[in-house]
Amino acid sequence: MSGIDTLNIAKDGLLSHQTAISLTGTNVTNANTAGYSRQRAVFSTTEQSVEIIGIERIYDHFIGVQINEQTNNLGYSEAKKDALDRIEMIFNESDAGGINELLSEFWGAWEGLSANPSGQAERLTLVSVSQSLTSLFRSSGDDLLAAQNDANARVSSLVGEVNDYAADIADVNNKIAQSVGSENDSGINTLKDRQETLLASLAEIVDFHYVRNADNSVSVFLSNGMPVVDGGQSWELDVVADDQTSFYNVVFADDPTVEINTSLTGGSLAAYLEVRDTTAVGYINSLDSLAAALASEVNTQHGLGYDLNQDAGGAFFYFDVNPEVQEARYLKVSTDIVSDVNKIAASATVDGDGENATSISSLQNELTMNSNTATFGAYYSALVGQVGQDAAYVNRSYKHDSDLLTQLINKRDVTSGVSIDEEMINLIKFQTGYNASARLFVAAEELSDTLLNLIR
Amino acid sequence: MVMRVSENVKYSTIVDNMFGVQDSYNQLVEKVASLKEINRPSDDAVGMTRVLNLRESIASIEQYSRNIENSQSWLTITESKLSAAGDLLVSAREVAVGQATATGDAQTRSTEAETIQQLIDEMLTLANAKYEGRYLFSGAKSTDTAPFSSTGRSAAEIGTASSAGANTFDGTVTSSGTYTGSANKTYVAKITDWVEGTRTATYNVSSDGGETWTTTGATFVLPDGGSVATGDIGDGIVLTFEDSGAAEPAADDVFYVNALVAGYYSGNGEELSVNIGEDTPFAYSISGEEAFTDEGDGTVDIFGVLTSLKQALESNDQDGIADLIDDLEAASGQISANISKCGTRTNRLELASTNMTDTKLNLTELISVAEDADVSEVITQLSMKQIALKASYSVAAQIGRLTILDFLR
């Protein structure tokens with residue numbers, strides 16, 4: 001044992017503590033960096049000295065996997081909530097002026113006309129109420145379609161994001177693979193954090209599973225087993241317009257004929273696909289069948305009556321599109337009737353009574369909808385109820401998913417997050433260690449001095 | 001083991017809790033502002049559906065109530081016109097009784113004949129009275145001409161045949177025949193099929209203005225440029241079609257003709273009706289036929305009796321005058337019967353109206369229970385949330401202050 005050895009020990013102590021102190025600095029400065037996992041210098045004894053054998057990244061892989069899964073759930077429910085919030089506004093009947101109220105006014109206007117079948121004021125009122133009703137049908141139909149188109153547009157932009165993330169993950173994979181052998185470097189820990197963040201971002205959009213390769217790169221597969229990222233390589237997704245619906249289908253860019261919509265089962269992409277292909281379609285169909293049945297029932301009864309010119313009643317409603325499709329967004333009041341209210345067939349006979357108006361008004365109580373089980377009004381209320389229930393359901397699952405994710409993120413932060421208090425105490429600890437090492441240096445120097453003075 | 005509390009955990013806990021309180025605070029604020037428990041369907045989907053159904057019921061009740069009010073006004077006017085007519089008949093009877101004895105002579109009877117003429121004129125004004133532009137006593141016939149005329153028809157008449165405005169056929173159609181029916185009716189013929197090759201039209205006929213149809217399968221062949229008469233389309237009425245050489249008849253072409261029996265009345269025996277409840281049609285009009293004629297439900301031709309009385313007075317026919325006293329009696333009876341009919345109907349309307357008001361009140365209450373916010377409860381909750389919100393703000397303000405840094409020198 002020589003004085004030189006003591007000097008070396010002191011040097012190792014100084015260097016190790018220096019490293020630990022600078023790592024504390026890294027931790028403190030990244031205290032608010034999202035996805036940052038704190039790092040710790042691992043001290044180890046060598047012979048009689050000390051060395052830093054690694055820089056440990058404090059991270060619980062299992063929580064990471066859970067966070068990805070929950071992010072995926074939240075991505076789905078958040079996207080669905082976003083779409084349904086918008087659709088719900090179309091059906092918001094909590095205030096006056098909705099389809100429900102205008103339907104009631106429409107039947108009321110027929111009743112009013114039945115009491116004074118030749119009255120011009122009653123006829124004009126009926127036409128004006130009918131126009132408000134059809135215009136609301138049209139705008140509701142248009143709004144639903146817009147919501148559907150919006151979901152479609154999002155599918156396209158989300159596919160772009162998936163491609164960006166996949167390319168980034170492949171890029172990070174490459175860098176990590178290149179740094180094999182330098183695991184003790186703080187730089188590789190940063191790359192791993194980046195990898196986790198990218199996986200979580202991807203999970204928000206699509207559901208996938210991934211495997212970690214020997215070189216610490218990850219391979220990402222869609223739920224149908226198709227790879228999106230494999231090590232340093234990524235495969236691009238693309239959208240192509242469907243032949244029939246002209247909505248986007250998701251495909252792999254290198255295999256554009258095979259649509260993979262159904263393989264996307266989670267995340268915001270699946271949510272928008274579902275809203276576009278199922279949820280919105282269901283509401284649109286319901287509204288369309290209401291408009292179609294209303295037009296057909298009223299037209300049929302109207303045709304049995306006579307107008308003020310003794311003509312048999314023509315169509316009261318029509319669908320303003322060629323060729324005619326019975327969709328709510330095209331529903332209009334016959335232009336003949338709008339330009340000449342005398343063409344409203346209020347009478348059951350050529351003598352001009354009001355009985356046909358009464359018959360039309362009575363349609364409101366007929367069980368015409370839903371295989372003859374519901375009136376027009378009840379059918380529409382049920383539709384509003386359905387929308388409300390769906391919206392309430394996604395609101396609940398959104399809240400649940402987001403609470404759960406918060407809990408998981410907190411759980412991760414409990415392990416991986418930086419605590420300033422802890423770092424400060426560590427700082428004191430390492431500073432003390434550094435000071436002690438420095439003192440050791442002085443002591444070793446004094447020892448050498450003593451020895452040299454002996455010789456003099 | 002003690003749990004580590006990292007910086008992110010510290011702050012995110014505070015922020016999440018604050019958002020949670022703010023969210024429920026905002027929901028309560030919305031309820032207080034709108035005074036409604038349900039502000040969008042997802043707040044309570046079942047409740048919303050219920051509210052919509054209830055609102056629909058209220059809207060139809062409001063319409064039924066308006067129908068009831070209109071019918072009440074109509075009946076009130078009808079009743080007053082009828083009782084005025086009853087008074088006229090009493091005056092006529094006084095004249096008849098006075099002049100049916102030997103005390104009357106040609107001079108007085110001639111004077112009284114003029115009185116009766118004035119009564120007839122007055123009666124005519126009453127029978128042709130209008131309410132809101134519509135004749136009270138024309139049955140279910142909305143027409144611009146008055147239902148009663150001062151000069152009676154001595155025999156049945158078949159009116160001019162008319163074509164509906166939108167008919168394809170642009171030839172002429174005329175009516176002929178002798179009307180054998182017992183009441184005023186509108187006959188309608190509707191072409192159901194036209195075969196161009198054989199120039200054959202198939203048509204259906206209706207004797208109630210086109211409401212119900214008799215499928216006769218009857219046909220006529222219209223020669224090019226010529227004319228053809230149909231068979232009897234009902235009660236002796238015949239239509240003659242004359243081709244113009246241009247547009248031929250086509251399916252759904254409608255031709256109609258008014259057939260009138262002898263007498264003073266040109267309306268029909270139908271009643272006007274409106275719904276005063278779900279599928280509850282209520283006839284609110286009294287037809288002129290029933291009140292003033294001896295056709296259909298009526299038994300006394302009031303204008304006929306008065307005219308006979310006038311003629312008997314003019315011709316100084318004491319026995320004739322005496323014979324008419326019973327008829328005048330019967331005429332008064334007919335008017336009274338219709339007045340009491342008005343009364344019965346008004347009573348029914350009043351019952352229905354009370355019922356409607358009660359139902360509406362109940363429904364309004366049900367809606368209120370379903371959608372209105374309990375203000376006192378919401379406000380209590382709101383102040384509770386306010387305290388929670390203040391607490392979370394105060395904690396948030398403290399959070400950065402407590403750190404070991406403050407204790408290091």
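Predicted model: local features only at pLDDT ≥ 70, side-chain atom pairs only at ≥ 80, totals over all residues.
Residues are numbered from 1 along each chain as its sequence is written, and chains are lettered from A in the order in which they are written. Local features rest on a pLDDT of at least 70 and side-chain atom pairs on 80 or more, whereas totals for chains, interfaces and linings use all residues.

**View 1. Packing of helices α3 and α9 in chain A.** Helix α3 (residues 99-115) and helix α9 (residues 376-416) of chain A, both DSSP runs (H or I, at least four residues), pack at an angle of about 175 degrees with their axes 10 Å apart. This angle makes α3(A) roughly antiparallel to α9(A), a label given to angles over 145 degrees. A:Ile99, A:Asn100 and A:Leu103 of α3(A) meet A:Phe376, A:Gly377, A:Tyr380 and A:Ser381 of α9(A), where contact requires C-beta atoms, placed from the backbone, within 7 Å.

**View 2. Strand β11 of chain B and its partners.** Strand β11 (residues 237-242) of chain B pairs in the antiparallel sense with strand β6 (residues 172-177) over six bridges, pairing being assigned if DSSP finds at least two bridges; here B:Ser175 stands opposite B:Leu239. Three bridges also join β11(B) to the antiparallel strand β10 (residues 227-229) of chain B, with B:Ser227 as the bridge partner of B:Glu242.

**View 3. The contact between chain A and chain B.** Chain B contributes 58 residues to this contact and chain A contributes 60 residues. On the side of chain B that touches chain A, the largest share, 13 residues, comes from α2(B).

Methods
Axes fitted to C-alpha atoms, helices over the stretch in contact; angles between N-to-C directions. Helix = DSSP H or I, 4+ residues; strand = E, 2+ residues; numbered from the N terminus. Parallel < 35°, antiparallel > 145°, perpendicular 65-115°, else oblique. Contact = placed C-beta atoms within 7 Å.
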